[in-house]
Amino acid sequence: MNLKRNIRSIQPKLKMDVLSPDDIAKIHEAALEIMEDVGVRFPSEKALNILEQAGAQIDRSRMIAKIPSTVVMDAIDKAPAHYTLAGRDMSNDLALDGKHCYLSTDGCGIEVYDLETGIKRSSSKKDIEDSALITDYQDCIAFYWGPMVSAQDVPAEVRPLHELEAAFTHTTKHIQPETIITEPIAKYAIEMGAAIVGGIQELRRHPIFSVMQCSTDPLGQDKGSLEASLVSAEAGVPTGFMPMPMSCATAPATLAGNLVITTVDSLSPLVLIQIAHPGAPVFFAAAPTAMDLRTGGYTGGGPEDHLMAIAFNQICAFYNIPLSMGAYATGAKEPDWQAAVDNSFAGLMPVLSHTALLTGVGLLYGSQILSYQQMIMDCEIYDIIKKLAEGIEVNEETLAVDVIKRVGVGGNFLAEKHTRKHMHNIWQPVVFDRTPYDAWEAGGKKGAYSKATAKAKWILANHKPTPLESALQKELKRIIRAAEKELIR
Amino acid sequence: MQEQELFAKMSHTILKGEIEEAGELARKAVEMKIDPIVAVNNGYTKGLDEVGRLFRTGEYFLPDLVAAGEAMKHALDVFDPFLKSRKTEKKLMGTVVLGTVEGDFHDIGKGIVGSMLVAAGFEVIDLGVNVSAQKFLNAVKELKPDILGMSALLTTTMPNQKKVIELLEEAQERQNVKVMVGGAAVTNKWAMEISADAYGEDAMAAVTVSEQFAATSVKNQANLTPTINRIRM
Ligand code: B12
């Protein structure tokens with residue numbers, strides 16, 4: 001049965017800043033200085049030609065473009081502040097309007113804690129179908145990012161298209177792959193999207209997928225990603241670039257220095273896109289972090305991440321372009337205390353600074369292992385954050401002076417009409433354990449993890465997302481076959 | 001300057017990761033006609049041992065270690081021609097050619113592996129990122145390294161490690177080099193599947209594995225010059 005529910009976005013009222021306007025201006029100026037003096041590597045002839053025409057100074061042998069600040073600012077001014085990420089089902093459209101905050105899954109994991117056996121194994125296409133199905137059901141999750149894991153059971157050359165197919169067929173929500181990183185794959189992906197919505201013009205009006213790239217920090221981009229994003233932008237498919245500068249490794253140890261790198265690496269490709277396709281929908285993205293000082297590892301959590309999440313949001317607000325902030329993504333290896341601490345802070349901070357998109361739930365060990373339980377538990381964290389960020393409403397009705405007068409000294413509010421009217425606004429857990437001690441013990445000491453396991457299994461057994469028409473399913477398969485013919489040598 | 005004083009200063013440059021200064025002192029030693037092997041063993045290596053100890057006890061962090069490795073490399077570069085001319089080529093633990101496979105641009109982990117190997121006394125030739133199978137093969141043919149290390153962080157680029165091994169086999173170079181693989185996506189199982197000689201989960205493992213290779217290497221056994229002490233984690 002289709003158990004579809006409306007998407008639960010957050011309209012945050014609480015606001016937290018860590019940078020002063022003066023701090024933001026300093027970071028902005030430093031970023032401009034770096035782009036102009038040092039430049040950014042764009043290892044694509046296509047990209048370099050576009051930048052050169054706009055007035056950038058090009059070093060062909062090193063493929064570096066030094067971009068004057070006027071070129072940067074002119075280009076960035078053309079980027080739209082608001083637009084919509086569409087869903088296959090239009091009731092799942094996401095308005096990026098500067099007021100709402102939407103949650104996605106995390107993405108591109110390579111292993112899975114099997115839901116039945118609990119054992120860690122390689123990820124497959126089936127895991128994409130399952131995690132997309134859970135995404136479709138969970139009202140907290142607004143769009144499917146990634147894909148959550150890699151479909152390692154299909155040929156690498158066309159893997160992103162299989163992944164897209166698995167997602168399109170198992171959720172009607174918006175999809176944002178991070179794997180469309182070559183021009184040919186991007187063309188096929190666009191063909192798939194256009195087939196579903198009824199043509200390339202319709203896709204422009206109703207982009208049911210968008211494309212996220214990674215920057216190659218520090219001060220660099222990737223050829224395939226740039227070229228894939230250029231063709232996507234041309235088709236009106238929104239694109240953004242995510243740097244993940246690690247303080248001490250790919251960024252200075254200081255957080256302000258890291259933010260300069262994050263800004264340059266996220267902003268510079270958008271400059272290219274706006275020069276090539278003025279007004280194309282674009283977004284900022286970022287997952288800045290600090291290196292683990294002992295192993296050199298990607299920490300995926302820690303106070304620096306949370307501070308930079310707020311700071312970079314403020315910087316993006318300054319440019320007036322939506323931001324997708326890397327959140328959750330704990331470094332913990334199991335859904336444990338560390339995962340909860342990491343993901344609570346990492347989820348909260350970007351929301352308090354009003355990010356547009358939050359990526360995302362469900363992966364462990366620095367975005368490498370999918371846990372269906374973690375997915376459900378992260379949704380609960382999000383739900384708490386939603387309640388927090390929406391703050392306290394103060395008016396005559398909520399002050400409830402009349403009710404207080406009526407109940408008076410020593411009474412209680414249980415039977416009041418006012419209580420029944422407003423009690424639904426009180427946060428209710430799904431997996432938090434609040435059973436009395438004895439009942440908990442008698443029930444086999446089951447906590448959040450057990451409940452999350454049961455919930456994930458229940459969703460997979462019961463929820464049937466609106467299927468894609470069979471003719472369209474066939475068309476997707478045909479496109480993938482054509483891609484296989486061209487791309488598998 | 002007295003020899004003893006120079007050795008103490010050499011050790012200090014490693015301890016503090018003073019890269020330029022480490023090179024300068026090496027040039028000074030050459031001027032003073034001090035045997036490079038003696039300078040390395042009585043000077044720089046003392047610093048490396050201390051760095052290793054401080055890292056073990058948690059006082060030093062990875063950037064300290066990397067800087068120490070860089071300083072060491074700088075000094076060894078200065079001594080290199082002198083050591084070569086004395087035909088003590090196999091002065092080091094061995095040579096490692098390192099690279100990230102084609103299609104893959106992740107280089108942080110590979111860089112750390114490289115620095116740790118340098119610190120452990122290996123000569124490391126880093127081919128960079130996005131290295132094609134042919135380029136790996138050419139490097140093996142030309143540089144004749146003892147060990148080839150390949151990094152892959154993406155499930156889509158892992159198969160390129162296999163490609164390199166197959167190409168080495170075709171070119172009949174496979175028996176001449178030990179192959180170790182690593183990177184986030186890589187597992188021990190994968191390493192076995194593609195018939196690599198070893199898998200290293202992290203940089204420490206890469207060093208341990210390389211040391212084992214060095215210990216069993218025929219080339220090294222024939223070499224009588226003392227090997228440089230290594231940082232022990
Ligand atoms: C930082 C990072 C990046 C940076 C890399 C910057 C740089 N200069 O290297 C950037 C932003 C550029 C990047 C890009 C991409 N990335 Co990336 N990236 C990461 C991240 C977060 C950390 C990697 C890292 O540096 N770790 C720290 C180092 C120290 O660890 P390490 O590399 O594993 O190395 C250690 C060991 O593995 C071992 N080792 C490493 N090499 C070797 C070699 C030998 C011989 C031995 C013995 C040992 C060994 O020793 C090292 C030290 O202990 C990982 C996630 C993760 N948690 O690992 C994703 C990750 C690897 N990336 C991922 C993806 C998808 C991408 C992109 C495709 C995204 C995109 N859409 O553009 C691109 C690909 C670009 C390309 N073609 O290579 C996925 C891979 C998923 C998959 N299915 O394979 C991951 C897992 C994250 C995710 N879930 O999305 N990425």
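Chain B exposes about 10700 Å², of which carbon and sulfur atoms supply 51%, accessible areas being computed by the Shrake-Rupley method with a 1.4 Å probe and, for residues, with only the protein chains shown counting as cover. The structure is a predicted model, in which local features need pLDDT of at least 70 and side-chain atom pairs count only at pLDDT 80 or more, whereas totals for chains, interfaces and linings use all residues. Residues are numbered from 1 along each chain as its sequence is written, chains are lettered from A and ligands numbered from 1 in the order in which they are written, and side-chain values use heavy atoms, with hydrogens and water left out.

Of the 233 residues of chain B, 52% count as buried (buried, under 20% relative accessible area; exposed, over 50%; partly exposed, in between; 1.4 Å probe, protein chains only). The secondary structure of this chain comprises ten helices and five strands, helices (H or I, at least four residues) and strands (E, at least two) being DSSP runs numbered from the N terminus. Among contacts in chain B (heavy atoms within 4.5 Å) between residues at least 6 apart in sequence, 74% join residues at least 24 apart. His106(B), placed in the loop between β1 (94–100) and α5 (108–119) of chain B, is the single protein donor to the cobalt atom of the ligand, through NE2 at 2.4 Å; donors are N, O and S atoms within 2.8 Å of the metal (3.2 Å for Na, K and Ca), and, as water is not among the atoms, sites may look incomplete.

At the interface, 13 residues of chain B are in contact with 16 residues of chain A. The area buried between the two chains is about 1200 Å², with carbon and sulfur atoms giving 66% (buried area is the accessible area, 1.4 Å probe, that two parts lose on being put together, summed over both). Phe61(B), Ile108(B) and Thr155(B) supply 39% of the area that chain B buries against chain A, more than any other three residues. No salt bridges are counted between chain B and chain A, a salt bridge being a side-chain nitrogen of Lys or Arg within 4 Å of a carboxyl oxygen of Asp or Glu.

Over all chains, the whole structure holds 28 salt bridges. One of them joins Asp139(A) to Arg5(A), with the closest N and O atoms 3.8 Å apart. Because Asp139(A) lies in the loop between α4 (125–137) and β9 (141–146) of chain A and Arg5(A) in the segment before α1 (21–37), this pair ties together parts that are 134 residues apart in sequence. Asp139(A) is buried at 15% relative accessibility, whereas Arg5(A) is partly exposed at 28%.

A further salt bridge connects Lys421(A) with Glu397(A) at 3.1 Å between the closest N and O atoms; Lys421(A) lies in helix α15 (residues 417–422) and Glu397(A) in helix α13 of chain A, so the pair ties together parts 24 residues apart in sequence. Lys421(A) is exposed, at 54% relative accessible area, and Glu397(A) is partly exposed at 32%. Glu416(A) and Arg406(A) also meet in a salt bridge (2.9 Å, N to O), with Glu416(A) in the loop between α14 (401–407) and α15 and Arg406(A) in helix α14, ten residues apart. Here Glu416(A) is buried, with a relative accessible area of 16%, while Arg406(A) is exposed at 56%.
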